Amino acid sequence: MNEFDQQKEQLRQRTLQQRSQLDPSYRKQATQQIMTNLLTLPQYLTSRCLLTYVGVKTEIATTDLINHAMNQAKMVTLPRIYPHHQMQARSFRDWQALRTNRYGLWEPQRSA
């Protein structure tokens, strides 16, 4: 691992540790505020497609955002990770069509 990758990993670990120490009620409040802000942005209101992720562990919860976008007939895409550090935005329509990948992140199955 080169020096840049080491620094990147150290920063990632520090950030994860700090985020895990946040009070759950603060995290919930922050999620609600982010949703309120996002749902009123002209860019969101006029968009036809949303690329997001399904939040896990201490990340911002995105399920309400995803459901809102689908209810607004927006195309929702989620990242799917492939070998060799490749990622592709995949269409998402059904919560039952998700699976966890090797990193524990939710992503659409191949056929989703």
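**Figure 1. Lys 57, an exposed loop residue.** Lys 57 is exposed, at a relative accessible area of 82%. Exposed means over 50% relative accessible area, buried means under 20%, and partly exposed lies in between (1.4 Å probe, protein chains only). Lys 57 sits in the loop between S1 and H4. Its phi is positive, near 50 degrees, and the residue is not a glycine. This is a predicted model, in which local features need pLDDT of at least 70, side-chain atom pairs count only at pLDDT 80 or more, and totals for chains, interfaces and linings use all residues. Residues are numbered from 1 along each chain as its sequence is written, and side-chain values use heavy atoms, with hydrogens and water left out.

**Figure 2. The protein chain as a whole.** Four helices and five strands make up its secondary structure. Helices (H or I, at least four residues) and strands (E, at least two) are DSSP runs, numbered from the N terminus. Their pattern along the sequence is α-α-α-β-α-β-β-β-β. The C-alpha trace spans about 45 × 35 × 25 Å along its principal axes. Of the 112 residues, 24% count as buried. The accessible surface is about 8500 Å², and carbon and sulfur atoms hold 53% of that surface. These areas come from the Shrake-Rupley method with a 1.4 Å probe; for residues, only the protein chains shown count as cover. Among contacts with a separation of 6 or more, 44% join residues 24 or more positions apart. Contact means heavy atoms within 4.5 Å.

**Figure 3. Charges on the protein chain.** The chain carries 15 positive and 8 negative charges. Lys and Arg count as positive, Asp and Glu as negative; His and the chain ends are not counted.

**Figure 4. Helix H4 and its buried face.** Helix H4 covers residues 63-71, and Leu 65, Ile 66 and Ala 69 are buried in it. Down the axis of H4, these buried residues fall within an arc of 100 degrees, so they line one face of the helix. The arc is that of the directions from the helix axis to the C-beta atoms. On the other side of H4, Asp 64 and Asn 71 are exposed. The buried residues of H4 pack against helix H2 (24-39), H3, strand S1 (49-51), strand S2 (75-82) and strand S3 (86-92). Ala 73 follows H4, with a positive phi near 65 degrees.

**Figure 5. The largest nonpolar core.** Eleven residues make up this core: Met 35, Tyr 44, Leu 50, Val 54, Leu 65, Ile 66, Ala 69, Val 76, Leu 78, Phe 92 and Leu 98. H4 and S2 are the elements that give two or more residues to the core. The largest share, three residues, comes from H4. A nonpolar core is a set of buried Ala, Val, Leu, Ile, Met, Phe, Trp, Tyr and Cys residues joined through side-chain atoms within 4.5 Å. Leaving out residues up to four places away in sequence, Met 35 touches Asp 64 and Leu 65.

**Figure 6. Tyr 44 in helix H3.** Tyr 44 lies in helix H3, residues 42-46. Tyr 44 is buried, at a relative accessible area of 4%. Residues up to four places away in sequence are not counted here; beyond them, Tyr 44 touches Leu 38, Leu 39, Leu 50, Leu 65, His 68, Ala 69 and Lys 74. From Tyr 44 to Ala 69 is 25 residues in sequence and 9.1 Å in space, C-alpha to C-alpha.

**Figure 7. Thr 77 in strand S2.** Thr 77 belongs to strand S2. Its relative accessibility is 7%, so Thr 77 counts as buried. Not counting residues up to four places away in sequence, Thr 77 touches Cys 49, Leu 50, Leu 51, Thr 52, Ala 89, Arg 90, Ser 91 and Phe 92.

**Figure 8. His 84 in a loop.** The loop between S2 and S3 holds His 84. Phi of His 84 is positive, near 65 degrees, in a residue other than glycine. His 84 is exposed, with 69% relative accessible area.

**Figure 9. Arg 12 in helix H1.** Helix H1, residues 3-20, contains Arg 12. Arg 12 is partly exposed, at a relative accessible area of 46%. Arg 12 and Leu 22 are ten residues apart along the chain, and their C-alpha atoms are separated by 16 Å.

Definitions and conventions. The place of a charge is taken as NZ of Lys, CZ of Arg, CG of Asp or CD of Glu.
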